[in-house]
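Subject: Structure handover

Hello,

Please find the structure below. My notes on its aromatic pairs and its pocket follow.

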Amino acid sequence: MIPGNNLPAFLQSLGERIKPLWPGILVAALVALAAQFVAEHYGAPAMLMALLFGIALNFLGESGQAAPGIAFGARTVLRFGVAILGARISVEMLMSLGWGMIGLLVLGTVATIIFGVVLARFIGQGPRFAILTAGAVAICGASAAMAIAAVLPKDEKSERNLLFTVLGVTVLSTVAMIVYPILTNFLGFDDVTAGAFIGATVHDVAQVVGAGFSISDTAGETSTLVKLIRVSFLAPVVVIIALVWRQSEAETDGHRPPIIPGFVLGFLALATLNSFGLIPPAIGGFLAALSSWALLTAIAAVGMKTDLKNVLQVGTGPIVLIFAETLFLAALVLAGISFLELS
């Protein structure tokens, strides 16, 4: 609570702290706007466009007036976008799928992360990078990658790994958006089954919608529902990752991170409110759109903070890892759907 007589001083102090951030935030927002324009008019993935445009403006994130705001966008705006994503999730949505499909989605998430960590050890990749890529593949693509990166301990490769992961899952999602509808038709799936497979395997929400509705309205609605259930797994996975790394981070620098990051609490709070029907549809729609814009702005800022030369130095190991995780998830879901149909 701010006493009335201190309000002008507080506002002045707040304004002084925010003022240096505006140039960078506005640049990142303009990049997001340009990416959205290209996505709507030419069919390109908005996240990928924001990332590429951001990389092209990398010099702005290194120094100068825009640098503080770009750093703010890559961290704080990102966490804000993930937090309000919870307004799209509800328990009713979860229950409408049935326990068999929910179990398959949980299995897919857990097994893909374990698979990624195990495979990473054999091909010489670290556990942080494995969790980052596997979490992005298993849950919701670029959004999951950014949320997981926010709670992993930072090192000199953190931003490079995040950029590679976002780029990788976005490209693979775009390929899947084209290939998976053809695959489901070849396998003779009905619209509901095809939608369930696409929603359970394609990484990013936008590509899930594109792939599902390219088959039919029924497949599109089913794929979107299944995908949003996967999005709901983001909060518990991020909490578990934060708890796993909390002790090691404390041992490294004496600082113990919070048990549950604030943005995850925000996600859970909004999901709870939505489950009880306390978020009006108009506000829910606004928060969903705001989340999309915040994440788009954040990924533009991440691109501007990262040197492409560093990303190109990742080698073949990370490419093999993220590709193998994608194939593993698809194979597991295919097997699970076949089992559920026979049960």
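Phe189 and Phe197 are both buried. The model is a predicted one, and the values here are computed from it. For Phe197 the relative accessibility is 0%, so this residue counts as buried. The ring centres of Phe189 and Phe197 lie 6.5 Å apart with the planes at 65°; angles over 60 count as edge-to-face, so this pair is edge-to-face.

Four aromatic pairs turn up when the whole structure is searched. Another of them joins Tyr180 to Phe197: the centres are 5.2 Å apart and the planes stand at 50°, so the pair is tilted. Tyr180 belongs to helix H10 (residues 158–186) and Phe197 to helix H11 (residues 191–201), so this contact ties together parts 17 residues apart in sequence. Tyr180 has a relative accessibility of 9% and therefore counts as buried. Through ring pairs, Tyr180, Phe189 and Phe197 form a cluster.

The largest pocket has a volume of about 600 Å³. Its lining consists of 25 residues, and those nearest the centre are Ala46, Met47, Val205, Ala206 and Ser292. Two or more lining residues come from each of helix H2 (22–42), helix H3 (46–56), helix H12 (205–215), helix H13 (217–232) and helix H16 (281–305). H16 contributes the most, with five residues. By residue class, the lining of the largest pocket holds 16 nonpolar, six polar and three charged residues.

Regards

How values were computed. Residues are numbered from 1 along each chain as its sequence is written. This is a predicted model: local features need pLDDT of at least 70, side-chain atom pairs count only at pLDDT 80 or more; totals for chains, interfaces and linings use all residues. Side-chain values use heavy atoms; hydrogens and water are left out. Rings of Phe, Tyr and Trp (its six-membered ring) pair if their centres lie within 6.5 Å; planes under 30 degrees apart count as stacked, over 60 as edge-to-face and the rest as tilted. Helices (H or I, at least four residues) and strands (E, at least two) are DSSP runs, numbered from the N terminus. Buried means under 20% relative accessible area, exposed over 50%, partly exposed in between (1.4 Å probe, protein chains only). On a 1 Å grid over the protein atoms alone, a cavity is a set of points where a 1.4 Å probe fits but cannot get out, and a pocket is an open set with protein on both sides within 12 Å along at least five of seven lines; lining residues have an atom within 4 Å of a point. Grid points are joined across faces, edges and corners, and a volume is the space filled by probe spheres set on the points. Ala, Val, Leu, Ile, Met, Phe, Trp, Tyr, Cys and Pro count as nonpolar, Asp, Glu, Lys and Arg as charged, and the others, Gly among them, as polar.
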